[in-house]
Amino acid sequence: MPKAPLPAEVAELLAQPNPAVVAVLRPSGAPMSVATWYLVEDDGTVLLNMDAGRARLRWMRQRPEIALTALKADEWYTHVSVRGPVVRWEDDPVKAMADIDRLSMLYRGNPYANRERPRVSCWMRVDHWHGWGAARAE
């Protein structure tokens, strides 16, 4: 896997609101993956946001190495996977929901609808990446 930084064309692909899957490690060491929204910040970290009661949130806090694969919308042969540690955590409380709203605006064009449960944000640093199709490393 190539190391960061991402080439410009790969960074552009990752910056789009693509379908994505995040993979985390369970306490047993077994991997678990789930579809997710993500957002690449100006500093290159990747924002993820979860319901505060999710098991994967506990697992990520125990083992903060994660991987994310984004598939180019309507052209899934082109995809990019990034891997790295969670470098920051923040609560996204019910009254604010600023981070989940940013993600919802990116993916759906409106604020997040379910405002009844607290959420938690984390930011992943991209240490390694792998691409395929138009995002393939040369």
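This is a predicted model: local features need pLDDT of at least 70, side-chain atom pairs count only at pLDDT 80 or more; totals for chains, interfaces and linings use all residues.
**View 1. Strand S6 and the strands paired with it.**
Strand S6, which covers residues 79–92, runs antiparallel to strand S5 (residues 65–71), and 7 bridges join the two. Within the pairing of S5 and S6, Leu 68 stands opposite Val 82 in S6. S6 also pairs in the antiparallel sense with strand S8 (residues 128–132), here over 5 bridges, and Ser 81 stands opposite His 130 in S8. Strand S7 (residues 119–124) likewise runs antiparallel to S6, with 6 bridges joining them, and Arg 119 in S7 is the bridge partner of Asp 92.

**View 2. The salt bridge of Arg 117 and Asp 51.**
Side chains of opposite charge can pair when their charged atoms come close. A search of the whole structure finds 7 salt bridges, and in one of these Arg 117 meets Asp 51, with the closest N and O atoms 2.8 Å apart. Because Arg 117 lies in the loop between helix H3 (98–108) and S7, whereas Asp 51 belongs to strand S4 (residues 46–51), the pair ties together parts that are 66 residues apart in sequence.

**View 3**
Asp 99 and Arg 102 both lie in helix H3, 3 residues apart, which is about one turn of the helix, and their side chains meet in a salt bridge with an N to O distance of 3.5 Å. Asp 99 is buried, with a relative accessible area of 9%, whereas Arg 102 counts as partly exposed at 33% relative accessibility. Together with Glu 41, these residues are linked in a network of salt bridges. Asp 127 forms a salt bridge with Arg 125, in which the closest N and O atoms are 2.7 Å apart; Asp 127 is partly exposed, with a relative accessible area of 25%, and Arg 125 is partly exposed as well, with a relative accessible area of 39%.

Tyr 38 is buried, with a relative accessible area of 1%, and Tyr 107 is partly exposed, with a relative accessible area of 22%. The rings of Tyr 77 and Trp 132 have their centres 6.4 Å apart and their planes at 70°, so this pair too is edge-to-face. Tyr 77, in the loop between S5 and S6, and Trp 132, in strand S8, are 55 residues apart. Trp 37, Tyr 38, Tyr 107 and Tyr 112 form one aromatic cluster.

**View 3. Arginine charges over tryptophan rings.**
The charged end of Arg 61 sits over the ring of Trp 89, at 4.4 Å from its centre. The charged end of Arg 88 sits over the ring of Trp 123, at 3.6 Å from its centre.

Notes
Residues are numbered from 1 along each chain as its sequence is written. Side-chain values use heavy atoms; hydrogens and water are left out. Two strands pair if DSSP finds at least two bridges between them. Helices (H or I, at least four residues) and strands (E, at least two) are DSSP runs, numbered from the N terminus. A salt bridge is a side-chain nitrogen of Lys or Arg within 4 Å of a carboxyl oxygen of Asp or Glu. Buried means under 20% relative accessible area, exposed over 50%, partly exposed in between (1.4 Å probe, protein chains only). Rings of Phe, Tyr and Trp (its six-membered ring) pair if their centres lie within 6.5 Å; planes under 30 degrees apart count as stacked, over 60 as edge-to-face and the rest as tilted. A charge sits over a ring if NZ of Lys or CZ of Arg is within 6 Å of the ring centre and within 35 degrees of the ring normal.
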